[in-house]
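Good morning, and thank you for making time for this presentation.

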Amino acid sequence: MKGFRRTHDCNTVTEETIGQEVTLMGWVLRRRDHGGLIFIDLRDRKGITQVVFAPEVDAESHEKAHRLRSEYVIAVRGKIRTRPDGMENPKLKTGMVELACEDLRILNTAATPPFPLDEEEEVAENLRLKYRYIDLRRPHMVENITLRHSVCQAMREFLNSNDFLEIETPMLTRSTPEGARDYLVPSRVNAGKFYALPQSPQIYKQILMIAGMERYYQIVRCFRDEDLRADRQPEFTQLDLEMSFIDEEQIMELMEGLISHVFNKTLGVELATPFERLTYQEAMERFGTDRPDVRFGMELVDISDIAAGCGLKVFQSITASGGIVKAINARGMADLSRKDLDVLTEFAQGLGAKGLAWVKVKEDGSWQSPIAKFFTNEEQQAIADRLGGEPGDIFFFGADTRATVFRVLGELRCKLARERNLIHERFRFVWVTDFPLVEYDEDEGRFTAMHHPFTAPAEEDLDLLETDPAAVRSRAYDIVLNGIEIGGGSIRIHQPAVQERVFRALSISDQEAQDKFGFLLEALGSGAPPHGGLAFGLDRLVMLMAGRDSIRDVIAFPKTQKAQCLMAHAPAEVSMAQLAELYLKPDWKKEK
RNA sequence: GGGGUCGUAGCUCAGUUUGGUUAGAGCGCUGGCCUGUCACGCCAGAGGUCGCGAGUUCGAGUCUCGUCGGCCCCGCCA
């Protein structure tokens, strides 16, 4: 590097730099060797600049440039000059100019890359993950990682200026009941005891409120030992925050400000506030899910009352046995072919439906459908009225238990919207509020917390805790973007007596509550302020902002579906000596 | 734990339906030529455990069974 000092980035040499002597450093993206004249596309984090090696400018570097190969690391010094007439490349930001090399230094050679760095071709993900350091050099990945950085910066800006303190909480903590499977860490100095990696800093941030910190945030890693998905990794990042002396209105308002600031600062997108709000009940009834995509209609409409009296036995028996019948109107989609409908039926069956009834509305308003004959004209009219049906529309029916109807029609409307390009908005947020406090867990035979056990019940429902827990609404709220849950939070319980009642409703014995959460109960009794907060899934948020389908594309070093790092080969075996130190005996065999 | 899908040259893929000559293409790679290219061009060349293992067959990239791995989904994820 002696004699070389980087003066510019590959995207900062422009018309304004013409005539200046600059030094660039970066990687060889491509070499175009004309024998007498050699062109290099030089790439760094910021962009691409064309470098020309000409013997009349510098014979020695021209000679050396013959040896350059893809991904060699080089430093070049020379003057920026305009390209000859007609030789400009409009595809490059620096395409009007080029660097005429007067001095070339090869800083490092490189093996031929295992896959091309240009983005024309999709590369198998296992290769990308094995050679992540190559994958991350690709401009698209640089953009994603850079966006993630900018999002974090904008979040900190906003929260810092709103009087929040950034405070770290322990990674080595204790396992608590409820929730996901924990990642465990054995303790060397406490034989037979284990730390757990945090699923979220939930209790610690509440303790910080009790400790009088008033406003806390942290961009923090969380760990859950559950199976992976495109939007789920075993370790993921949250923007976690908590505030004292507030209610849900103030939190939602502040969070809308935060999100607006982030989108404005990083993408230049102006979001309209306040965001739309739905209660859990509404979201389920109208969209079939608690994370509705509200960018398009096709809402679920209940027709159980009409179905109960119709001539179709299936509809009758389902409504009679406590199930429901709902329908969606796929406007203008009556052109779906028999084969399309078979595919959709299969899709519905895959989600647990027994079948998928449909009705096409013909020009004269009459029904074309295998089930048309089971409905009187009046019933047909009533259904069409309720769905706003017009010629060219097709109705789809879901008849089953509530949960199945919601799932099937909810997924179906999203699938149809995607396939028929009904989604035009880039970003649409919605709050979902008034979640049930608890839900019944068939396997465990008890109620479990829908959000977490520290969520405050709605005050007017408090007295139902002992009589009808399922009817108690919570003070929890989720924030949903484009049909994906990107955050959630709640007002917390700040009175020990209420916390104890909730534990009881969850069938957590006083003994267990004392063992596992005694310190929290004690802390609540020490003068806990009313408080609440929220956590954003940073990976999901950035994924949506970057327009990607998987959070792996916005995480520098993600894991595969089997929770392995293909680059570092984690997890890996350890020595017997290491195990012995931790008092672990590896004599468990996975049963075949 | 379950369902689906993919695995052929360094990369992206064709070939598998209907088993049959020496397994192909584009890109990349190597060497040569080339002073205005930018997905440079031209010439020549190298490169294969058809994921792995059994089986069926005269013969398997192709059929069967098993297995490993990537991805998507269900369960799971307060």
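Let me start with a term: a cavity is a set of grid points where a 1.4 Å probe fits but cannot get out. With that in mind, a search of the whole structure finds 1 cavity of 30 Å³ or more. Please note that what you see is a predicted model.

I will first say a word on confidence. The average pLDDT of chain A is 94, and 99% of the residues score at least 70. For the model, ipTM is 0.93 and pTM is 0.95.

Now to the overall picture. Chain A has 592 residues, of which 48% are buried. Its secondary structure comprises 16 helices and 22 strands. Taken along the principal axes, the C-alpha atoms of the chain fill a box of roughly 90 × 75 × 55 Å.

I return to the cavity. Which residues line the largest cavity? They are Leu-129 and Arg-132, together with Ala-556, Phe-557, Pro-558, Thr-560, Gln-564, Cys-565, Leu-566 and Met-567. The space inside the largest cavity is about 50 Å³. Sorted by class, its lining has 7 nonpolar, 2 polar and 1 charged residues.

Next, the barrel. Here 5 strands close up in the order β1-β2-β3-β5-β4, with mixed pairing. From one strand to the next, the twist averages 55 degrees. The strands β1 and β4, the latter covering residues 73-82, run antiparallel and are joined by 7 bridges. Within this pairing, Trp-27 stands opposite Val-73 in β4.

Of its 33 lining residues, Gly-47, Ile-48, Pro-139, His-140 and Glu-143 are the closest to its centre. Which elements each supply at least two residues of this lining? They are the strands β1 (21-33), β2 (38-43) and β3 (48-53), and the helices α4 (139-161) and α15 (538-546). The largest share, 7 residues, comes from α4. By class, the lining of the second largest pocket has 16 charged, 11 nonpolar and 6 polar residues.

Thank you for your attention.

Technical notes: Residues are numbered from 1 along each chain as its sequence is written. Chains are lettered from A and ligands numbered from 1 in the order in which they are written. This is a predicted model: local features need pLDDT of at least 70, side-chain atom pairs count only at pLDDT 80 or more; totals for chains, interfaces and linings use all residues. Side-chain values use heavy atoms; hydrogens and water are left out. On a 1 Å grid over the protein atoms alone, a cavity is a set of points where a 1.4 Å probe fits but cannot get out, and a pocket is an open set with protein on both sides within 12 Å along at least five of seven lines; lining residues have an atom within 4 Å of a point. Helices (H or I, at least four residues) and strands (E, at least two) are DSSP runs, numbered from the N terminus. Ala, Val, Leu, Ile, Met, Phe, Trp, Tyr, Cys and Pro count as nonpolar, Asp, Glu, Lys and Arg as charged, and the others, Gly among them, as polar. pLDDT is the predictor's confidence in each residue, from 0 to 100. Two strands pair if DSSP finds at least two bridges between them. Axes are lines fitted to C-alpha atoms, for helices over the stretch in contact, and angles run from 0 to 180 degrees between N-to-C directions. Buried means under 20% relative accessible area, exposed over 50%, partly exposed in between (1.4 Å probe, protein chains only). Grid points are joined across faces, edges and corners, and a volume is the space filled by probe spheres set on the points.
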